[in-house]
Amino acid sequence: MEKKDHILYDKTGNPSKEPAWIFRTYAGHTNAKESNELFRKNLAKGQTGLSIAFDLPTQCGYSSDHAIAKPEIGKVGVPINTLEDFRILFDQIPIEEMNTSMTINGTSMWLLSLYVALAEERGEDVSKLQGTTQNDIIKEYLARGTYIFPPEHSIRIIVDMYEYCLKRIPKWNPSNICSYHLQEAGATPVQELAFALATGMAILDAVKERNCFTHEEFEQCVGRISFFVNAGIRFIEEMCKMRAFSDMWEEITKGIYQVKSEKFRRFRYGVQVNSLGLTEEQPENNAWRILIEALGVTLSRDARCRALQLPAWNEALSLPRPWDQQWSLRLQQVLAYETDLLEYPDLFEGSRVVESKVKDLVENANKEIQKIKEMGGAIKAIENGYMKAQLVKSQAERLAKINNDELIIVGKNKWKDGIPSPLTNDPDGGIFKVDPKSAEQTLKVLSDVKARRDAKKVAETLARLEDDAKNGKNLMFASVECAKALVTTGEWADTLRKIFGEYRPSTGVEGQKLNLESDKVSNVRTKVEKFQKATGARPKIVVGKPGLDGHSNGAEMIAVSAKHAGFDVIYSGIRLTPEEIVQSAVEENANVIGVSILSGSHVELAEQIFAELKHYKADIPVVFGGIIPQPDFEKLHSIGVKAIFTPKDYDLMDVMDRIIDIVSEKIPASV
Amino acid sequence: MTVRFAEKELKELIQEASQGEKYPLAKLISELEKPDSFEFRKVLFKELENSGFNGDKSVTIGFTGTPGAGKSSLLGEISTNFLQNVPDKKMAVVAIDPSSHISGGSLLGDRTRLSLPVREKRIFFRSQPSQLELGGLNPYTYHVIRLLRCFFDFIFVETVGIGQNEIEVSKLADLSFLVMVPLGGDQIQFMKSGIMEVPDAFILNKCDEENLARASYHTLSTTLEFLRDIVPGGSIPPIFLTSVKTKKGIQELLDFVLKSKPHPKRSSETKVQIEKWIKTEYGNFGLSFSEKLGNNTQKNYEEWENFFNSEIRSKLK
């Protein structure tokens, strides 16, 4: 029978249809019990895999009863302290049948150990476990901030996991190269390609260097590397980016790493579509953006993702409600089951336009990879600050373009007038809030576990972990033992912190400039000059990023903009305590403190900052920026916050204008 | 025009600053950093003297070197070590970063690499933009250091850059270090430019790897041998090999700093700084008056400044 180009045939030659990708929603909040209910509801709605979001203390290796953890418990994900929390989280969920993705990096070994311990406890065949621990530490240093240890030790932990998984849980992906956050931090498609692939090579090099595998086993390791990619609004370019990824990974695995098996060379990837481009203004437009972005990674069969998770339309406002997540899941189901998308062979094969665009991306990404190689690879390019600085530069350029109206964002800098969205009219304001009392339950489970566990066994397993860390042994075995002994997340991480130390990377903002010259800029600079004339000094701002939320793009952009406006700027990177930020502002005698928070802990952190200012008897004005819902404004103002900026305030010079006005209020009238 | 402090308030600020209160000290520094601080300085330093704070026993340590030599991280390590092991002394750090030539603003990033304890009164950290001044120092750095000397036993001044001008910090430091990295390859260039003669000691930082460190040490010490020709009979300055990563050499470096003494004649430093000020204000014309500096060492900086201002201005009329 004659075969037709537009029909998809299976291996036996019969017309067929592609199976759909795995549908996931990135979910988890409040505590293990609530998250367990959410997971079970989502699976009942037709979700086909789990993607677990952990709260920031869990990601950064702190137990919920640590002081730094308190404001963050259960905010952006589920808190996990001990095996007991995993027992609750997976109650009535057959983990041996699940494909579980865990967005966890610094503590990925610990969470995998808990998962293994749970499976063993339930008497399941551990080798059947399927899923992924994200475990891409490089992008944490660059964009997301939940790293713990210095790069070399982090890489060692990843290699330990490869070694362990290959033999014991062969279907587990021990790490997943995640370029998602690079795009969120401003990466261009070329940077996303180059940085992600360079990261892949760094991991493969480290695995090779360990020299613990035969070549066949090494090939299997290569086959376990998967990618987690972002899909932005320029969906044709994004589709070409995915094709470029496949081509380049093939070239790298075949050429450099001599992988013979075609199966192990395949570029396997999951996608979360872009949240960076979602707007707080006219948030209903985000629904269309999400659909278009999803097309970029599903339209072309040869570059279709294996798993997809879509953000909710209201993510720029605050945490989405279960209904909002359901709406996103339904979009995937409409796309996969109602349309004919899965019935065709690749639509773009042979397209001259697509081929040429892919070629262009590949060429430029290869040039960038070459540069990184000449520096000594991805780890070196992190340590010397190169990659971070490149991202901050791209982000500054992108924002300058939005501010100059060169880049159109509908509803934000163009067609701004509109009817208010009825979607946000619900009494809950269209957003989800974690019940502040829910942390009590987490803390209770933790203290109960601590009270009834065998203290001697805890000490013994932790001592073994410490020894193994010192002696270069594979840490997975000791970690699983720790999990079974009911060791806490904080105890596990602290033991390794003692041996490996903690890391502070480059902020990437030094030497950056903003390509923005407009009337607004000169207006602000005039005010800055006036301030300087009146007081004899430039205005000084301390830009602070308190707590465990590592999403530093906002803080970086404010730091760069303030310098551009003529401020003296003190910015010391992420994960500072309110005490440290206030101490900087006091010692520097700053005129204003600008605080950036995206994790939803703004009220708690504001209280801590003002308490500390009171300690020093310092009357320094404080402004806040971040994803802060309108209903919280009054509370923040009552604590003393002078101004609040949200994603709506995208015009950098408008922000600086308000800040210089606040700073100038303190110039004495006599001047 | 700017806010000055009433006499009582100033006394209070000084008292509180001397007890390690950070905010009062920060306010005093800010006043010194203003361009028209002359009157304030006169009052402040008089008041300090009357209260028994002269800073004569304090040691100033200059840290200079190319960007990326790891000066801030090294200072961070020294501070940690200092706070742990030198319980009865206090230290301050002044870190100077370049300003933007376009907006005049600056990004002061040095706190990034220092993890300082909070509410610790034995240490004080202050950033300073260079204010486009060549020489790595800010025009007011000198006065800020004079103030800090009154309250702290050790003042570390960190400047970026490595040229004839940037070594300026050595003129107000009792002990100045040039911080380099192994195999920077710059050693010979330094010698040519005469910079090698200036520092009291050298630091090869980032010596994480032993062989590379040894090799660089030998290159540097051989280069320094040439100094014997310039300063016959002079001894070769010490070289420290340090690594923040492995904590190598930190203790030795700190011991060396702790042993060093303040310059016996602060008046000669005042002379150098007043000459620098005259040159900035009145150029070479002004400098011709500086021979009047003579041997009178009784005058403090502000008195000299006042004297030359009226002297030179009277000739300008």
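**Where chain B meets chain A**

Across the interface of chain B and chain A, 16 residue pairs are in polar contact, counting pairs with both residues at pLDDT 80 or more. That confidence score comes with the kind of model you have before you, which is a predicted one.

Which parts of chain B reach over to its partner? Helix H2 (22-32), strand S3 (106-108) and strand S4 (123-129) of chain B each supply at least two residues of the side that touches chain A. The largest share of that side comes from S4(B), with six residues. Sorted by class, the side of chain B that touches chain A holds 15 nonpolar, eleven polar and ten charged residues.

Now let us look at the extent of the interface. On the chain B side 36 residues are in contact, and they meet 44 residues of chain A. The size of an interface is often given as the accessible area lost when the parts come together. Here the area buried between chain B and chain A is about 3200 Å², and carbon and sulfur atoms give 50% of that area. Within chain B, the residues that lose the most area to chain A are Tyr23(B), Leu107(B) and Thr112(B). Together these three make up 24% of what the chain B side buries.

Charged groups also pair up between the chains. The rule finds four salt bridges across the interface of chain B and chain A. You can look for a salt bridge between Lys245(B) and Glu152(A), where the closest N and O atoms are 3.8 Å apart.

Next, follow strand S3(B) to its partner in the other chain. Strand S12 of chain A, residues 568-571, is joined to S3(B) by three bridges, and the two strands run parallel. To find your place in this pairing, look for Asp568(A), which stands opposite Ser106(B) in S3(B).

Strand S12 also leads on to a residue worth a visit in chain A. Arg575(A) lies in the loop between S12 and helix H23 (578-587) of chain A. Although Arg575(A) is a residue other than glycine, its phi is positive, near 55 degrees. Is Arg575(A) buried or exposed? Its relative accessible area is 14%, so Arg575(A) counts as buried, the cut-off being under 20%.

A second stop in chain A is Lys617(A), in the loop between helix H24 (602-615) and strand S14 (622-626). Lys617(A) is not a glycine, yet it has a positive phi of about 55 degrees. With a relative accessible area of 73%, Lys617(A) is exposed, because the cut-off for that word is over 50%.

Technical notes. Residues numbered from 1 in each chain as written. Chains lettered and ligands numbered in written order. Predicted model: local features only at pLDDT ≥ 70, side-chain atom pairs only at ≥ 80, totals over all residues. Heavy atoms only, no water. Contact = heavy atoms within 4.5 Å. Buried area = accessible area lost by both parts, 1.4 Å probe. Salt bridge = Lys/Arg side-chain N within 4 Å of Asp/Glu carboxyl O. Polar contact = N/O pair within 3.5 Å; in protein donor to acceptor, adjacent residues only side chain to side chain. Helix = DSSP H or I, 4+ residues; strand = E, 2+ residues; numbered from the N terminus. Nonpolar A, V, L, I, M, F, W, Y, C, P; charged D, E, K, R; others polar. Pairing = 2+ DSSP bridges. Buried < 20%, exposed > 50% of the residue type's maximum accessible area, 1.4 Å probe, protein only.
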